[in-house]
Amino acid sequence: MISVFGSANMDLVAYVAQAPKPGETLTGREFRTIPGGKGANQAIAAARAGADVAFLGAVGDDAFGPVLRAALAEAGVEVAALRVVPGPSGVAHIVVQDGGDNSIIVVPGANGAVTGPVGRDAEIIGRSDALLLQLELPMDAVVAAAQVPGTEVILTPAPAVPLPAELLETVDLLVPNEHEAAALTGRDDPRDALEALLDLVPEAVVTLGARGALYGSRDGTRLREAAVPVRAVDTTAAGDTFAGALAVARTEGADPARALRFASAAAALSVQREGASTSMPHRHEIDRLLEGL
Ligand code: ATP
């Protein structure tokens, strides 16, 4: 079983030719509300990839709360421990202009009210094979969840902020993209950044977008996995799909090479479809792609 302690946001996405300047009002082409947030995305990715997944976090008592809960439940994620707190749910206000450039305002809402594991959360985390964490909840809450003993801790360090030592001490596997890896280590070359990350944590994967991913472990293993060559139409949440699938493979006992391949296949399927949770592949699709490679 995998538990995800993280954010759930409603993405409010407006599509417009050009993003408005301060003071300007524009007419957009299209508007969509899409359940998102890195925590919810990783939970849905892991559930679709074949794991039993529990989501721990909070939504608000507004109209978005039940929609976010339903989106997780529909993907097969266990939401019994998802709390409702007074006030608004987390939202990401996203303006997508022609050509694909985004501007995003995240208002944490209920995510900002999460203080740490409460109620049955610690028991659920403690009996999980892996705990997936990201940094869209308050840092103190993330640290408290990571300190629950008994599970493998996998951290996606996004958004990139300095990581406290008490968090790093608990992390088994860090999964940054190359920009986050550079921000954490001060090294622009991803291979150098990987080596520096291994001074901080026992294992790390640096994702390189269409260039694939690098893996390293303190036992000396170094791997490079090429991305599956596909025509990408929307790379939103590729990293979350990768992290969710990677956790599934590891909890099934896959070795690092096999786990990287599985995660790359899942992410390659997701970039060929639009949206975040809407693009995440089911297990049979990942298995079929891997058979054909
Ligand atoms: P996002 O922020 O969009 O969720 P990210 O920046 O966290 O993504 P990336 O490094 O861009 O993560 O991508 C994660 C993984 O997804 C890559 O390691 C790769 O396996 C896969 N991937 C990303 N882009 C492509 C692509 N164009 N073609 C095939 N695979 C891709």
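The model is predicted, and local features need pLDDT of at least 70, side-chain atom pairs count only at pLDDT 80 or more, and totals for chains, interfaces and linings use all residues. Residues are numbered from 1 along each chain as its sequence is written, and side-chain values use heavy atoms, with hydrogens and water left out.

Start with the sheet. Strands of a sheet pair through backbone hydrogen bonds, either parallel or antiparallel. Here 8 strands form an open sheet, in the order β4-β1-β9-β10-β11-β12-β13-β14. Its pairing is mixed. β4 (53–56) and β14 are the edge strands, each with a single partner, so one side of each has no neighbour in the sheet. Strands are DSSP runs of E with at least two residues, helices are runs of H or I with at least four, and both are numbered from the N terminus. Two strands count as paired if DSSP finds at least two bridges between them.

β12 (residues 203–207) and β13 pair in the antiparallel sense over 5 bridges. In this pair, threonine 207 stands opposite alanine 213 of β13. Next, β13 (residues 213–217) joins β14 (residues 222–225) through 4 bridges. These two strands also run antiparallel. Glycine 216 has arginine 222 in β14 as its bridge partner. β13 and β14 make a hairpin with 4 residues between the strands. In that hairpin, glycine 220 takes a positive phi near 100°.

Turn to helix α9. It has 15 residues. From first C-alpha to last, α9 reaches 21 Å, close to the 21 Å expected at 1.5 Å a residue. The expected span is 1.5 Å times one less than the number of residues. Buried means under 20% relative accessible area, exposed means over 50%, and partly exposed lies in between (1.4 Å probe, protein chains only). The buried residues of α9 include Ala259, Leu260, Phe262 and Ala263.

Next come the cavities. A cavity is a set of points on a 1 Å grid over the protein atoms alone, where a 1.4 Å probe fits but cannot get out; lining residues have an atom within 4 Å of a point. Grid points are joined across faces, edges and corners, and the volume is the space filled by probe spheres set on the points. The whole structure holds 2 cavities of 30 Å³ or more.

The largest cavity has a volume of about 40 Å³. Ala8, Pro35, Gly36, Ala40, Ile44, Leu68, Ala71 and Leu72 line it. Two or more of these residues come from each of β3 (30–36), α1 (38–48) and α2 (64–74). α2 gives the largest share, 3 residues. By class, this lining has 7 nonpolar, 1 polar and no charged residues. Nonpolar means Ala, Val, Leu, Ile, Met, Phe, Trp, Tyr, Cys and Pro; charged means Asp, Glu, Lys and Arg; the others, Gly among them, are polar.

The second largest cavity holds about 30 Å³ of space. Among its lining residues are Leu173, Val205, Tyr215 and Arg250. α8 (238–251) and α9 (256–270) each give two or more residues to this lining. α9 gives the most, with 3 residues. This lining has 7 nonpolar, no polar and 1 charged residues.

Finally, look at the salt bridges. A salt bridge is a side-chain nitrogen of Lys or Arg within 4 Å of a carboxyl oxygen of Asp or Glu. The count comes to 16. Aspartate 98 and arginine 29 form one of them, at 2.3 Å from N to O. This pair links distant parts of the chain, 69 residues apart. Aspartate 98 is partly exposed at 46%, whereas arginine 29 is exposed at 54%.

Arginine 83 and aspartate 121 form another salt bridge, with their closest N and O atoms 3.0 Å apart. Arginine 83 lies in β6 (residues 83–85) and aspartate 121 in α3 (residues 121–126), so the pair ties together parts 38 residues apart in sequence. Arginine 83 is partly exposed at 23%, but aspartate 121 is buried at 2%. Elsewhere, Glu30, Arg32 and Glu274 are linked in a network of salt bridges.

Key: On a 1 Å grid over the protein atoms alone, a cavity is a set of points where a 1.4 Å probe fits but cannot get out, and a pocket is an open set with protein on both sides within 12 Å along at least five of seven lines; lining residues have an atom within 4 Å of a point.
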